[in-house]
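Student: I would like to learn how to read a protein structure, feature by feature. Please give the idea behind a feature and then the case at hand.

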Amino acid sequence: QFVPRITGHKVTEDTEIILIEPPCGSNTAVIKSFGKILCIDSGYACYRTEMMKVLDDVVPGFDRIPKRLLLTHGDVDHCGLMNEFDQVIVSHKTASSLQKEYEEENPLHKPYVNICKSLTSYAPLNPEKLRTPWPDIPNLRAPLTQIGFFDFGDFHFEVYEGKGGHLPGEIVLIDYDHKIAFTGDIHINTHGLTAEQAAYNQYAPILMTSVDTDPKLCSEERKAILGRLGVGKWKIFGGHGSPKDYCVK
C-alpha cells in the first residue's frame with residue numbers, strides 16, 4: 001500500500017522539483033536542473049524497493065547515474081536511503097551524529113530511535129560518503145544562523161543552521177531569486193498532509209513527548225525562517241506534507 005503523492009513544480013525552463021510524499025516518513029524532493037539530479041531527504045529504509053522504483057520512474061535510469069543526497073537533518077525517517085547515493089551532503093553536527101551511529105555510539109533520542117531503526121531496517125552510512133561544505137559553529141546563539149551557500153543548477157541557496165529546536169544539525173535552504181525554501185521538519189505544512197501522513201505523525205509525540213527536541217526553540221526557529229523570507233510569493237517545501245504557498249507583502 002505504498003502509494004506516495006507525487007507532484008511536479010516547474011521553477012525555470014531548465015529546472016524542476018518533483019516532490020515525493022510517502023504515506024509515512026519524510027518527503028523526498030528531486031531537483032532536476034540542467035540534466036543533473038539532487039535529492040533532498042530520502043524517507044525510511046524499509047521503503048527502499050518501492051522508493052527506488054518511484055525514483056526510476058521520475059528519473060529514468062536513476063540507479064545508473066551519479067547521485068547526491070542532501071539531508072536537512074539526521075532523523076531516521078529522512079536518511080533511510082542514504083546508502084543508495086554516491087555523496088551525502090550534511091552539516092557538521094549531522095555528520096557527527098551519523099558517524100556515531102556508524103560506530104553505534106549515538107545516545108540521541110534513545111530508545112525511540114532504536115525502535116525506529118529496528119522497524120524500518122535502517123542501515124548506518126559509511127562516513128566516507130559524507131560531505132560537509134559549511135563551517136561548524138559550535139555554540140549557535142540565534143535560533144537560525146547563516147553558515148554558507150549551496151549552488152545547484154539554477155539554484156543559489158543561502159544555508160542556515162537551526163539551534164537544535166527539532167534536532168541538532170538541522171539546516172534550512174533559501175533561494176531568494178526563485179523564492180523557494182526547504183525547511184526540513186522545522187516548518188512543515190500540517191494542513192497539507194494526506195490522511196495517512198496525518199495518522200502516522202501522531203505516533204512520535206506519544207512515544208517521544210514531542211516531535212521536537214526543544215518545542216519552544218523550534219517555534220522560535222519557525223518564526224525566524226518566515227522572518228527571513230523577502231517580499232513576494234514563496235513556495236515552502238517542508239519535510240512532510242505538500243508545499244506551502246506563502247505570501248510576504
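The dialogue below goes from the whole chain to single residues.

Student: Where do I begin?

Tutor: Begin with the source: this is a predicted model. Then take the secondary structure: the protein has 13 strands and six helices. Its radius of gyration is 17 Å, close to the 18 Å that the globule rule gives for 249 residues, so the protein is as compact as a globular protein of that length. Along the principal axes, the C-alpha atoms fill a box of roughly 45 × 45 × 40 Å.

Student: What share of the residues is buried?

Tutor: Of the 249 residues, 53% are buried. Burial here means a relative accessible area under 20%. As for the surface, the protein exposes about 11600 Å², and 52% of that comes from carbon and sulfur atoms.

Student: How many positive and negative side chains are there?

Tutor: There are 26 positive and 33 negative side chains. The centres of the two sets lie 4 Å apart.

Student: What do the contacts say about the fold?

Tutor: Look at how far apart in sequence the partners are. Among contacts with a separation of 6 or more, 58% join residues 24 or more positions apart.

Thr-15 is a case to look at. This residue is found in strand 2 and counts as buried at 1% relative accessibility. Beyond its neighbours up to four places away in sequence, Thr-15 touches Lys-10, Ile-31, Lys-32, Ser-33, Phe-34, Asp-154 and Phe-155.

Student: Which residues have the most contacts inside the largest nonpolar core?

Tutor: A core is read as a set of buried nonpolar residues joined through their side chains. The largest one has 34 residues, and Leu-55 and Met-82 have the most contacts inside it. Two or more residues each come from strand 2 (15-21), strand 4 (36-40), helix 1 (48-58), helix 2 (92-102) and helix 3 (112-120). Helix 1 gives the most, with five residues.

For Met-82, set aside residues up to four places away in sequence. Its contacts are then Ser-42, Leu-69, Leu-71, Val-88, Leu-98, Tyr-122, Ala-123, Pro-124 and Leu-125. There is also a second, separate core of 20 residues, which includes Phe-150, Phe-155, Phe-157 and Leu-173.

Student: Is a residue in a loop buried or exposed?

Tutor: Check each residue on its own. His-187 lies in the loop between strand 11 (180-184) and helix 4 (195-200), and His-187 is buried, with a relative accessible area of 4%. Apart from residues up to four places away in sequence, His-187 touches Arg-222, Ile-225, Leu-226, Ile-236, Gly-238, Gly-239 and Lys-244.

Ser-242 is another loop residue, placed between strand 12 (232-238) and strand 13. Ser-242 has a relative accessible area of 19% and is buried, because the cut-off for burial is under 20%. Outside four places in sequence, Ser-242 is in contact with Arg-5, Leu-19, Glu-21, Asn-189 and Gly-192.

Student: What about a residue in a strand, such as Tyr-246?

Tutor: Tyr-246 lies in strand 13 (residues 244-248). With a relative accessible area of 25%, Tyr-246 is partly exposed. Leaving aside neighbours within four places in sequence, its contacts are Leu-226, Leu-229, Gly-232, Lys-233, Trp-234 and Ile-236. For a distance reading, Tyr-246 and Asn-126 are 120 residues apart in sequence and 38 Å apart in space, C-alpha to C-alpha.

Student: What should I look for in the backbone angles?

Tutor: Most residues other than glycine have a negative phi.

Asp-41 is one case, with a positive phi of about 65 degrees although it is not a glycine. Asp-41 is found in the loop between strand 4 and helix 1 and counts as buried at 3% relative accessibility.

Student: Where is Lys-179 placed?

Tutor: Lys-179 is in the loop between strand 10 (171-175) and strand 11. Lys-179 also has a positive phi, of about 55 degrees, and is not a glycine. With a relative accessible area of 23%, Lys-179 is partly exposed.

Technical notes. Residues numbered from 1 in each chain as written. Predicted model: local features only at pLDDT ≥ 70, side-chain atom pairs only at ≥ 80, totals over all residues. Heavy atoms only, no water. Helix = DSSP H or I, 4+ residues; strand = E, 2+ residues; numbered from the N terminus. Rg over C-alpha atoms; globule rule 2.2 N^0.38 Å. Buried < 20%, exposed > 50% of the residue type's maximum accessible area, 1.4 Å probe, protein only. Contact = heavy atoms within 4.5 Å. Areas by Shrake-Rupley, 256 points an atom, 1.4 Å probe, with all protein chains shown as cover. Lys, Arg positive; Asp, Glu negative; His and termini not counted. Charge placed at Lys NZ, Arg CZ, Asp CG, Glu CD. Core = buried A, V, L, I, M, F, W, Y, C linked by side-chain atoms within 4.5 Å.
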